Amino acid sequence: MDKKDSKGIYSAVINKAIDYIFENIDNDIDVEDVAKHCGYSKYHLTRMFKEDTEEAIYEFIKRVRLERSAWRLKVEKERSVTEIGGDIGYSSSNYATAFKKQMNISPANFRKNSEELVKQSAFSHGMSLDDIEVNCKNITIENFEPFCVIYERKKGNYHKIGDEWCAFQKKYKHLFKEDSLYIECTVDDPSITDEDECLYELCQTIEPNCQELKD
């Protein structure tokens, strides 16, 4: 089956809302808080958000919270299900109900079967969690000085990223310099989030106060 085309999220207001949600997802935020941050009424922002993302803003906040908790269930094995549910404001029974509605599996069974779910993901390439942990040792971390980027946020299947990069580089080739960097930011875990609903950003470094963007 062909994978859905990625959807671009181009509205500055909606990207500002998404950034705020990600930065404050562990706090008790609601739609009113996001709307106030963006300088829009709750009703106007709700309509704009649904148009741009095909998802209600309230449902987006709830989904991100529950999916982040699923990731914690997978990697924070020393913590109880109740503790992790409490982190996002749920009592034990309410968390189990909300989690199962979102993930189609109970939190306890998700934790129990998390490694098998990773193996089943189209992105696992047959690796187990232990394999991934070993491979992570080969990752290097570098600190960069602050820089400016032009970016596009996309919602779609990570298998489409190669095609999206080709289109992105062609679109902004007039801003390319010898020292330009291309940066890819994947947001979601596709063994948790629907593979066609994952968020990611494609970025290209540009000169501060880039004149071409003003013309």
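A salt bridge is counted here where a side-chain nitrogen of Lys or Arg lies within 4 Å of a carboxyl oxygen of Asp or Glu. The model is predicted, so that local features need pLDDT of at least 70 and side-chain atom pairs count only at pLDDT 80 or more, while totals for chains, interfaces and linings use all residues. Residues are numbered from 1 along each chain as its sequence is written, and side-chain values use heavy atoms, with hydrogens and water left out.

**View 1. Salt bridge between Lys160 and Asp5.** In Lys160 and Asp5 the closest N and O atoms are 3.5 Å apart. The pair links distant parts of the chain, with Lys160 in the loop between β2 and α10 and Asp5 in the segment before β1 (7–9), 155 residues apart; helices (H or I, at least four residues) and strands (E, at least two) are DSSP runs numbered from the N terminus. Asp5 has a relative accessibility of 64% and counts as exposed, where buried means under 20% relative accessible area, exposed over 50% and partly exposed in between, with a 1.4 Å probe and protein chains only. A search of the whole structure finds 17 salt bridges.

**View 2. Salt bridges of Lys42 with Glu32 and of Glu59 with Lys62.** The closest N and O atoms of Lys42 and Glu32 are 3.8 Å apart, and this pair links distant parts of the chain, Lys42 being in helix α3 (residues 42–53) and Glu32 in helix α2 (residues 31–38), 10 residues apart. Lys42 is partly exposed at a relative accessible area of 27%, and Glu32 is partly exposed at 44%. Between Glu59 and Lys62 the closest N and O atoms are 3.6 Å apart; these two residues lie 3 residues apart in helix α4, and are therefore separated by about one helical turn. Glu59 is partly exposed, with a relative accessible area of 35%, whereas Lys62, at 19%, is buried. Elsewhere, salt bridges that share partners join Glu55, Arg63, Glu67, Lys155 and Glu197 into one network.

View 3. The side chain of Arg111 reaches the backbone oxygen of Leu73 at 3.1 Å and the backbone oxygen of Glu76 at 2.9 Å. Leaving aside residues up to four places away in sequence, Arg111 touches Arg72, Leu73, Glu76, Lys77, Arg79, Ser80, Val81 and Ile84, contact meaning heavy atoms within 4.5 Å.

**View 4. Arg79 in the loop between α4 (57–75) and α5 (81–87).** The side chain of Arg79 makes a polar contact with the side chain of Asp87 at 2.8 Å. A polar contact is a pair of N or O atoms within 3.5 Å; within protein, one must be able to donate a hydrogen and the other to accept it, and residues adjacent in sequence count only if both atoms are side-chain atoms. Apart from residues up to four places away in sequence, Arg79 touches Ile84, Asp87 and Arg111.

**View 5. Strand β4 and its pairing with β2 and β3.** The strands β2 and β4 run antiparallel and are joined by 9 bridges, with Leu199 in β4 as the bridge partner of Lys155. Strand β3 (residues 182–186) pairs with β4 in the antiparallel sense over 5 bridges, and Tyr182 stands opposite Gln204 in β4; two strands pair if DSSP finds at least two bridges between them. Of the 9 residues of β4, 9 are buried, and both faces are covered, with Cys198, Tyr200, Leu202, Gln204 and Ile206 on one side and Leu199, Glu201, Cys203 and Thr205 on the other. In a regular strand the side chains alternate between the two faces of the sheet.

**View 6. Aromatic pair of Tyr158 and Tyr200.** The structure holds 11 aromatic pairs, where rings of Phe, Tyr and Trp (its six-membered ring) pair if their centres lie within 6.5 Å, planes under 30 degrees apart counting as stacked, over 60 as edge-to-face and the rest as tilted. Tyr158 and Tyr200 form an edge-to-face pair, 5.8 Å centre to centre with 75° between the planes. Tyr158 lies in the loop between β2 (148–156) and α10 (161–171) and Tyr200 in strand β4 (residues 198–206), so the pair ties together parts that are 42 residues apart in sequence. Both Tyr158 and Tyr200 are buried. Trp165, Phe168, Tyr172, Phe176 and Tyr182 form one aromatic cluster.
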